[in-house]
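Me: I would like to go through this structure with you, one topic at a time. Please keep the answers plain.

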Amino acid sequence: MNWSIIIESTLEAMVTKNAVVFALAAIGLNIHYGYTGLLNFGQAGFMAAGAYGTGIAITQWGWTIGPAALFGIVLSVLLAFFLGLPTLRLRADYLAIVTIAAAEIIRRIVKSTQYSEVTGGSGGLNGIGRGFYDNNPIDSGLDLGIVSFSERELWFMVVGWGVVVLCMVLTYLLVRSPWGRVLKAIREDEDAVRSLGKNVTWYKMQSLILGGMFGALGGIMLTLEQQSVQPDQFFTPTTFFAFTALILGGAGRVFGPVVGSMLFWGIIQFTDVSLRQAIANDHIPTWLMDGVQAGQVRFIIAGGLLAALMIFRQQGLFGNKREVALDDH
Amino acid sequence: MTTDAFDQVEPRPGSPKRDTILSVDGLVRRFGGITAVDVDHLEIQANAITGLIGPNGAGKTTFFNLITGFDEVTAGTFQFKGEPLEGVPAYKVARKGLVRTFQLTKALSKLSVIENMKLGAVGQVGENPFKALIRPIWGNQEREIEARADELLKRFKLYEKRDDYAGELSGGQRKLLEMARALMADPEVICLDEPMAGVNPALTQSLLQHVKELKDEGLTVVFVEHDMDVVRDISDWVVVMAEGSIIAEGSHASIGKNQAVIDAYLGTAHEIDLGTIELDPEKH
């Protein structure tokens, strides 16, 4: 067992691409679910809106990154309107059904051959935002001994975590305000909020839009990091990874989704590399599992760990136990 | 204005009031084949306490839902201060000054008691998401709201609980909180749906006192209640519903003697405690 490789890749997974992308997606879900009680099971759709909006604007229309990213965000706002208008008046579970379907519709549309001239079909779009790395002001990598980063990685981390911190600050400012109070009250009982003169449907729409915009930012960061976008990155499990990160960190807490995302990808990477190491060093016999299967088994083990966490620490890492105890009433 | 307001009012269904704040005409609500509410005419006297009673299933809560915009009428019109209210969404009804509470208390469990109270205030600039970002814009208003909330909490004997989660309060305290929170919305008319249900008798007395004080402050109170002692104690006027319609109106004394009311209670609701209705022994 080469522990330094295990630790290095775990640490790396906790701070690079996926951790950033899913932190943003989970911050959005935190607005939806953690604060407003909206069950959005289609966060992948909002991520796709951001990613494809940016990708299409850059590759098809030759826009620069800034306006293209803005276009991706505008698309996610339109998506929120489109989903919210018919469903936000209805009971919470309808939104869950509609959003999960909408995200799948989006993925299948961008994947279809019909629009492949614009969306790239199942191959997706490539060569997006070369300007992102061209403008990298960092000219040397960073070696921290146990883990090292290239200048490209560093540049992405600076921008990515910068966006994450910005979104966290926004979330913090909003949830401590009277606006945040209305959202939390809607989560508890929307009729009570209505009876106090608040336009509940409109607040739910605002929440859906804001959380969707954070999700779109996740999609945009994903696109910029890999300089490409593929439709199957926005399959349904993407939403549930973000949800898992949120629950793991603690819903309804500003730091919850961010730390949750780091831990989630840390756990996934740790189990993956550990298993591969164990197999390579004959600690696990090949009749039980081979290196290819490790990729699947990591999710099984990670799932088991998360289930255990939910049993022993329902509120997640940052959650408030006193609040969770109130759910039984 | 006190009970005198009813001196000249005939004790019959739909009788006109001296100073009407809320009036209802031909109000019908059907659920499929069932007519839940069918009220020809009803006027509610301003600055008085009107009790709405009736056997289970009489349509009292549905009536509340209709006038506060929580349910849509099948037919009919109603006016609040002369302004038509049918089709107006619940939140706008509340902003106009017609605020309700619920039979099943809706304390917002994971908000503290003080946050519950502050939510009730209307016209908060910080409830706009853009202005919410900058505390100086809403900080002063927030402090004023908090001061008002603290005052109400003291009055309702909830001040010691102000930083507890509402979900940690007892059932009776939640009723108190809900009433206090409704007052934060500055209502002119407050509709209380079974305010005393589940409240222990010791607390009932103080709750009743609060309701009476509301009238002294100029509010109009409409409340649904099953406990006839409560109805007798605080209501200036009693409206009786049965099977969706108003079958009687009057002072609580005249209601107890009303044959239609006795028939409605004894004929349709066998589980009702007979001891809670004032029956005139001379007539039986």
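Reply: In β8(B), Leu192(B) has Phe223(B) as its bridge partner. The model is a predicted one, in which local features need pLDDT of at least 70, side-chain atom pairs count only at pLDDT 80 or more, and totals for chains, interfaces and linings use all residues. Residues are numbered from 1 along each chain as its sequence is written, chains are lettered from A and ligands numbered from 1 in the order in which they are written, and side-chain values use heavy atoms, with hydrogens and water left out.

Me: How does the chain cross from β7(B) to β8(B)?

Reply: The path goes through helix α7 (residues 201-216) of chain B, and this β-α-β crossover is right-handed. Right-handed here means that, with the strands pointing away from the viewer, the path from the first strand over the helix to the second runs clockwise. Helices (H or I, at least four residues) and strands (E, at least two) are DSSP runs, numbered from the N terminus.

Me: Which strands pair with β8(B), and in what sense?

Reply: Strand β7 (residues 189-193) of chain B runs parallel to β8(B), and five bridges join them. Strand β3 (residues 49-53) of chain B also pairs with β8(B) in the parallel sense, over four bridges. Two strands count as paired if DSSP finds at least two bridges between them.

Me: Is β8(B) covered or open?

Reply: Strand β8 (residues 220-224) of chain B is mostly covered, with five of its five residues buried. Buried means under 20% relative accessible area, exposed over 50%, and partly exposed in between (1.4 Å probe, protein chains only). In a regular strand the side chains alternate between the two faces of the sheet. Both faces of β8(B) are covered: Val221(B) and Phe223(B) are buried on one side, and Thr220(B), Val222(B) and Val224(B) on the other.

Me: Next, the open sheet of chain B. What is the strand order?

Reply: Four strands form that open sheet in the order β2-β1-β4-β5 (chain B), with antiparallel pairing. β2 (34-45) and β5 of chain B stand at the edges with a single partner strand each, so one side of each has no neighbour in the sheet. Strand β1 (residues 20-31) of chain B is joined to β2(B) by ten bridges, the two running antiparallel. Ile44(B) in β2(B) stands opposite Leu22(B).

Me: Changing topic: what volume does the largest pocket have?

Reply: Its volume is about 550 Å³. A pocket is found on a 1 Å grid over the protein atoms alone, as an open set of points where a 1.4 Å probe fits, with protein on both sides within 12 Å along at least five of seven lines; lining residues have an atom within 4 Å of a point. Grid points are joined across faces, edges and corners, and the volume is the space filled by probe spheres set on the points.

Me: What lines the largest pocket?

Reply: The lining has 25 residues, and Arg89(A), Arg194(A), Thr201(A), Pro89(B) and Ala90(B) lie nearest the centre. α11(A) gives the most, with four residues.

Me: Where is Lys204(A), and what does it touch?

Reply: Lys204(A) is in helix α11 of chain A and counts as buried, at 4% relative accessibility. Leaving aside residues up to four places away in sequence, Lys204(A) touches Thr36(A), Leu38(A), Leu88(A), Leu90(A), Ile186(A) and Glu190(A). Contact means heavy atoms within 4.5 Å.

Me: Finally, what places Gly256(A) among the buried residues?

Reply: Gly256(A) is buried because its relative accessible area is 0%. Gly256(A) belongs to helix α13 (residues 256-280) of chain A.
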